[in-house]
Each structure stands twice: as structure tokens, then as C-alpha cells.
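Subject: Structure handover

Hello,

Here is the structure for your files. My notes on what was found in it come after the model.

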Amino acid sequence: NTDEKSIVLLRHNKLKKDIICKKFKGSCETYKLLQNIKFKNLPDIFEVSENNGKVIVLEEFINGVTVAEILHNGLYNEKGVKTVVKDVCDALSILHSYGIVHRDIKPENIMITDDGIVKLIDFDASRVFKDGRSKDTIIIGTAGYAAPEQLGFAQSDERTDIFALGILMNVMLTGEHPSNKLYKGRMTKIIEKCIQLDPQKRYRNIGDLKKSL
């Protein structure tokens, strides 16, 4: 827990299940939309409210491990990366259809549940794409995974998440950022296309990326 964010595990008596209560400074716009989305690769959001400038979210508690934890024990092979990333693509495809850009895809935000389901989590950095806006109002994301447009050069859109997926795939395969060590193998071209600095040179959308996988 920090001053900016707190996470508490609770037992919901009515639902008879463990849930997470999150409080953070930011916008609740994304979480309000997520309340209406039920999809196997996304956590269920039960309640969203705002109080004294803080967003309060009640969401599903997920039993499992993150990709970051799995990487502590060893790297993924190409087949393993494709299995995980295709499911992340499905989650992003749903988000993007609602205009939501995740903006913080990294190993810590992808979980594999105890029964093997991939879940994309943590939407605190997410935003809803706004037509006609030239750049993001708040610069946010994780260093190394954030696309150039997240650093104030343009407005982030679905290609921003594609950039981060390229970095993610490289880290899953090599343990390193592509600027230090670019993966060499059958997936190299896919990774290189994802991490182009110019968004126009990346895959146009998540569907195109998934097809390439």
C-alpha cells in the first residue's frame, strides 16, 4: 500500500467469495465501463464509486500467479508465449471495442489462474480514447513498456497496447528488454513490428497481431 493506492482483500458475504477493494487517485471512467463487461480473460468488477478524489473499486480476487512470478523461475518458449499472448489479445480486443486503452501491459499485470485461465488485470492506468484529442492529458505507464505516445508525443490508442505486447513477448522469451537483447527466432519479426516507434508502422489493431501469432 502507498499514499496513492491501497489494496485490501475482503470476504463478500453476499457473493460468498473473496474480493479485492482498491482505492487509488485517478479516473473511474474505465472501471465504470468494465462493470458491464463479463469476459473470461478479464476480472469481474462488482462496484465502482468515487469519494474525496479517490476511486474505490470492488473486483474479483484471482487465485493464481503473474507472468512476472513465472519468469523468476525461467523463460517461456514460443509456444508458451503464443498461448498467453493470444488470450491477452482477446482481452484487449474487448477493451478496445469499448474504446479502452490499457496502457500498462507488463508481466506483473497478466495472471494465470490456478485453473489455467489468462487474466489481464490492473486498469488504474487505463483511459478511454477521445476522438480529436492530440495527446494524453496524464502521462502514465511503466518505464520500458510505455510507447512513445504515452510520454506526451501523441494520444495513446490501441497501437499503444500493441507496443507493450511486443516488449512483453521479448521479455518472456529472453528475460530482457529488446533494446538490450532482441529475441532471435520465428517471432522476431512480430516483435519488431509491435515495437516500432512510429505507431503507423505497428500492427493496425489487435486482430492483425493475433492473426500473425
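This is a predicted model: local features need pLDDT of at least 70, side-chain atom pairs count only at pLDDT 80 or more; totals for chains, interfaces and linings use all residues.

Residues are numbered from 1 along each chain as its sequence is written, and side-chain values use heavy atoms, with hydrogens and water left out.

Overall make-up

The protein has six helices and nine strands; these are DSSP runs numbered from the N terminus, with helices being H or I of at least four residues and strands E of at least two. Of its 213 residues, 49% are buried (buried is under 20% relative accessible area, exposed is over 50%, and partly exposed is in between, with a 1.4 Å probe and protein chains only). The accessible surface is about 11000 Å², and carbon and sulfur atoms account for 50% of that; areas come from the Shrake-Rupley method with a 1.4 Å probe, and for residues only the protein chains shown count as cover. Taking contacts (heavy atoms within 4.5 Å) between residues at least 6 apart in sequence, 60% join residues at least 24 apart.

Aromatic contacts

Two aromatic pairs are present. The rings considered are those of Phe, Tyr and Trp (its six-membered ring), with centres within 6.5 Å; planes under 30 degrees apart are stacked, over 60 edge-to-face, and the rest tilted. F24 and Y31 make a tilted pair, 5.7 Å centre to centre with 55° between the planes. Y31 also pairs with F123, this time edge-to-face, at 6.2 Å centre to centre and 90° between the planes. Because Y31 lies in helix α1 (residues 29-34) and F123 in the loop between β8 (118-120) and β9 (127-128), this pair ties together parts 92 residues apart in sequence.

F24 is buried. Y31 counts as buried because its relative accessibility is 0%, and F123 does so at 2%.

Elsewhere, the charged end of K193 sits over the ring of Y203, 4.9 Å from the ring centre. The criterion is NZ of Lys or CZ of Arg within 6 Å of the ring centre and within 35 degrees of the ring normal.

Salt bridges

Side chains of opposite charge can pair when their charged atoms come close. The whole structure holds eleven salt bridges, each defined as a side-chain nitrogen of Lys or Arg within 4 Å of a carboxyl oxygen of Asp or Glu.

One of them joins the side chains of K5 and D122, at 3.4 Å from N to O. K5 is in strand β1 (residues 5-12) and D122 in the loop between β8 and β9, so the pair links parts of the chain that are 117 residues apart. K5 is partly exposed, with a relative accessible area of 24%, whereas D122 counts as buried at 17% relative accessibility.

Another joins D124 and K22, at 3.2 Å from N to O. Since D124 lies in the loop between β8 and β9 and K22 in strand β2 (residues 17-25), parts 102 residues apart in sequence are tied together. D124 and K22 are both buried. Through shared partners, salt bridges join K5, K22, E59, D122 and D124 into one network.

R159 and D157 also meet in a salt bridge, at 2.8 Å from N to O, and both residues are buried.

Regards
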